[in-house]
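Please look over the structure below. A set of questions and answers goes with it.

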Amino acid sequence: MENNKNIWIVLEQYKGSLTSLSKEVLSKGRQVADSLNSNLIGLAISNKADDLAKEAISYGADKVIKVEDPLLKNYSTNAWTKILETLIKKYKPYTIFISASENGRDLGGRICSRMGLGLVAECSQIELTENKDDIKWIRPSFSGKLLSDIRITTKPMIGTIGQGAFKAGKKDLSRIGEIIEEKISIDEDEIGCKFISFEEIPFDTNSVRLDEADVIVAGGMGLKDKKNWHLIEELAQALHGTSGATKPLIDNGWLDKSKQIGISGTKVKAKLYIAVGISGALQHRKGMEDSDLIIAINNDENADIFKVAHYGIVGDLFEILPKMTEEINKNNNKLN
C-alpha cells in the first residue's frame, strides 16, 4: 500500500450504488494505474461501505479502503476531510482523483487547503508525461477558449474530474480485490453541522442524459433569441433525440447547466450530433468531436465548427431547421 505510485479514487454513491461519475473516474484511474504498474485504490466512506467497496472492485479497483461510521451516512466537509487527511498521512498515495460533484469540489478544496497541497479543478483529460514521471492535468481555461496543461509540485497530486470526461468501464463481477478496514473516530461535535433532509430534484423520465444520448441537436448563439429555442427542441423530438447547448446560452440563462455541452459542461459521444448556429469554440468542439456523425448548420462557411463536422450546411438556420423537421416528421408518419 505504501507505494508512491498508487492511484486513489474517492468514491461517491447515490442510493447505495456508485455514481456514474465515480465509475468514469475509476475507468481513468485504472488506465493510469496500469501505465504506472501500480494499484488503483478506492476510498469508501459511508455508514455502510461493504457494497460500495465490492462495486468499486468490479469497476476496476484493486483494493478499497473503507471507513464506516453511523455519522458518515451523509457527506460532511469536516468528517470527510479528517478521514482523507488521516489516510493520506498513513499511506502516502501518489495521486488522488475526486469527482467534480458538489461534494467533491468541496472536499478537494478543503483537503488541499488543510494540507498545503496543489489542486487542479475540473480536469477534462489526465495524461502521463512521455517518461511517465509526472501527470499532465489538462483543463479548460479562459472560458474554455484554451486547454491548459498544469503540473502539481506537491504530493499527493489531487485533481477533480468533471462528468463525461471519461467513459465508464464495464462491470466485471469476477474481479477479486482486497477490502481494508480503517477505524477513524468521528463525533458529532467535529462534524459541525446536522443533516436535516434530502430533497431530490424532480427528473423528467422522458429525457435522456447528454452523455448517454445517441442523438443530440445542439444550439448556439446563432439562434439569436431564447424564443427561437423551440426550433432545436422540435428537431430533436422529430429525431427521437435530446437537445443541448453551448456555454454562452447557459451563461445567458436560456437553459440549465445540465444542457451545456463542452469541456466545461458535458462531453458527449453521440451517434448523430447536429450543431445548429454554433461557431465552434475550442471548448465546445472538444466536448463533442468524438461523436460518430456530426452535421453542422451555420451561415458562416469559415466557422470553426466545420473543422470537426462530417457534413456541413452553409445557410440560414431559420429556413433550414423548419424544413428538416417537417421532412423528418413526414417520414416518421409514413413509418407509423
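Predicted model: local features only at pLDDT ≥ 70, side-chain atom pairs only at ≥ 80, totals over all residues.

Residues are numbered from 1 along each chain as its sequence is written, and side-chain values use heavy atoms, with hydrogens and water left out.

Q: How are the rings of W8 and Y91 arranged as a pair?
A: Rings of Phe, Tyr and Trp (its six-membered ring) pair if their centres lie within 6.5 Å; planes under 30 degrees apart are stacked, over 60 edge-to-face, the rest tilted. Here the centres are 6.1 Å apart and the planes stand at 65 degrees, so the pair of W8 and Y91 is edge-to-face.

Q: How many residues apart in sequence are the parts that W8 and Y91 tie together?
A: Helices (H or I, at least four residues) and strands (E, at least two) are DSSP runs, numbered from the N terminus. W8 lies in strand β1 (residues 7-10) and Y91 in helix α3, so the pair ties together parts separated in sequence by 83 residues.

Q: Is W80 buried or exposed?
A: Buried means under 20% relative accessible area, exposed over 50%, and partly exposed in between (1.4 Å probe, protein chains only). W80 forms a tilted aromatic pair with Y75, at 5.2 Å centre to centre and 55 degrees between the planes. Y75 has 23% relative accessibility, so Y75 is partly exposed. W80 has 7%, so W80 is buried.

Q: Which residues does E85 touch, not counting those up to four places away in sequence?
A: E85 is found in helix α3 (residues 77-91). Its relative accessible area is 14%, so E85 is buried. Contact means heavy atoms within 4.5 Å. Beyond four places in sequence, E85 touches I111, R114 and M115.

Q: Where does F198 lie?
A: At 58% relative accessibility, F198 counts as exposed. The loop that holds F198 runs between α5 (188-191) and β13 (215-219).

Q: Which residue in β14 stands opposite V217?
A: Two strands pair if DSSP finds at least two bridges between them. β13 and β14 run parallel and are joined by four bridges. Both faces of β14 (residues 242-245) are covered, with T242 and G244 buried on one side and S243 and A245 on the other. The residue opposite V217 is S243.
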